[in-house]
Amino acid sequence: MNQTLNPANAYLHAAQAILDRIVATQTENIQRAAEICVDTIAAEGLVHLFGTGHSRMFIEEMYPRHGSFPGFHPIVELSLTFHNQVVGANGQRQAMFIEHVEGFARQILRNFVLRPPDSFMIFSNSGVNEVVVEMALEAKALDLPVIAVVSVDHCTASTPKHSSGRKLIDIADVTVDNGTPAGDAMVTVEGLEDPVGPGSTVGAAAVVNAIKCQVASGLTARGKPPLVLSSSVFSGDASAAKFDASYDDYRRRVRRVYGD
């Protein structure tokens, strides 16, 4: 930490460095990821979203949020992502145990009907835990393109855990770096042994929304403008109708994956 900065400002400076790194290094990868999503959504497919732990946040960031649109399908397994309890039933220990169980991703996917032109976007800061690696392998076995959003520094520094010996970045068709340094926490506090202030929240959320904006542009250029969840600040009284139209479109799109 720069000693001229207090810890709060040190975090903000580190967060800005993540954004600068993404701009400097990830423009091409964001474009490639967006092209996969545009090809999928324009062809009436779905971009399936998966992550464990706190990576659930970026799935929810994609849709439904103001300024977002259908075409993305969240696959959020509560046993892997529900952190509110911390201890006791549905606690963190169980969630962290389950994300290392091989075979679990295959069981999750048995609940859905997936096929081209679908694609996958998988979020994992480390990119090495067994469930996310297996999810990528299962998607590839179905001939679906895979986009990985990871910390490349963290993933590169980590030892593979899946029995295949592979990491998420070894499987993905496109890897987008969230720009976060290995270890995630970025600020050292005097007198405190461990650093605090994770950076992956900033980096992955920025990547998600950059991809989203590029996808909106690509769909519109193809004559298929998305149905955006639009704030009343922009749409006035029409905002409620636009929300309903977007939700209806989402329902229409996801019906197929549940076998209907």
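These exercises work through a predicted model of one protein chain.

**Exercise 1. Overall build**

Task: Decide whether the radius of gyration of the chain agrees or disagrees with that of a compact globule.

Solution: 
- Start with the length. The chain has 260 residues, and a compact globule of that length would have a radius of gyration near 18 Å.
- Compare. The chain has 19 Å, which agrees.
- Along the principal axes, the C-alpha atoms fill a box of roughly 55 × 45 × 40 Å.
- Of the 260 residues, 47% count as buried.
- Twelve helices and seven strands make up the count for the chain.

**Exercise 2. Helix 1 against helix 10**

Task: Describe how helix 1 crosses helix 10, and which residues meet there.

Solution: 
- Take the geometry. Helix 1 spans residues 7–25; its axis comes within 9 Å of that of helix 10, crossing at roughly 35°.
- Helix 1 passes helix 10 in a right-handed crossing.
- Name the residues. From helix 1 come Tyr-11, Ala-15, Ile-18, Leu-19 and Ile-22. They meet Val-202, Gly-203, Ala-206 and Val-207 of helix 10.
- Sort by class. Eight residues of the contact of helix 1 with helix 10 are nonpolar, one is polar and none is charged.

**Exercise 3. Placing Phe-112**

Task: Is Phe-112 buried or exposed?

Solution: 
- Locate the residue. Phe-112 sits in the loop between helix 6 (104–109) and strand 3 (119–123).
- Apply the cut-off. Buried means under 20% relative accessible area. Phe-112 has 17% relative accessibility, so it counts as buried.
- Find the partners. Leaving aside neighbours within four places in sequence, Phe-112 contacts His-73, Ile-75, Val-257 and Tyr-258.

**Exercise 4. Backbone exceptions**

Task: Find where cis peptide bonds and positive phi values occur.

Solution: 
- Most residues other than glycine have a negative phi, and most peptide bonds are trans.
- Check Pro-64. A cis bond joins Tyr-63 to Pro-64, with omega about 5°. Pro-64 lies in the loop between helix 3 (56–62) and strand 2 (72–75).
- Check Pro-117. The bond from Pro-116 to Pro-117 is cis, with omega near 15°. Pro-117 is in the loop between helix 6 and strand 3.
- Check Glu-44. Its phi is positive, about 70°. Glu-44 lies in the loop between helix 2 and strand 1 (47–51). At 40% relative accessibility, Glu-44 counts as partly exposed.
- Check Asp-143. Its phi is positive, about 65°. Asp-143 lies in the loop between helix 7 (130–141) and strand 4 (146–150). With a relative accessible area of 59%, Asp-143 is exposed.

Definitions and conventions. Residues are numbered from 1 along each chain as its sequence is written. This is a predicted model: local features need pLDDT of at least 70, side-chain atom pairs count only at pLDDT 80 or more; totals for chains, interfaces and linings use all residues. Side-chain values use heavy atoms; hydrogens and water are left out. Helices (H or I, at least four residues) and strands (E, at least two) are DSSP runs, numbered from the N terminus. The radius of gyration is taken over C-alpha atoms; the globule rule is 2.2 Å times the number of residues to the power 0.38. Buried means under 20% relative accessible area, exposed over 50%, partly exposed in between (1.4 Å probe, protein chains only). Contact means heavy atoms within 4.5 Å. Axes are lines fitted to C-alpha atoms, for helices over the stretch in contact, and angles run from 0 to 180 degrees between N-to-C directions. A crossing is left-handed if the near helix is turned anticlockwise from the far one by less than a right angle, and right-handed if clockwise. Ala, Val, Leu, Ile, Met, Phe, Trp, Tyr, Cys and Pro count as nonpolar, Asp, Glu, Lys and Arg as charged, and the others, Gly among them, as polar.
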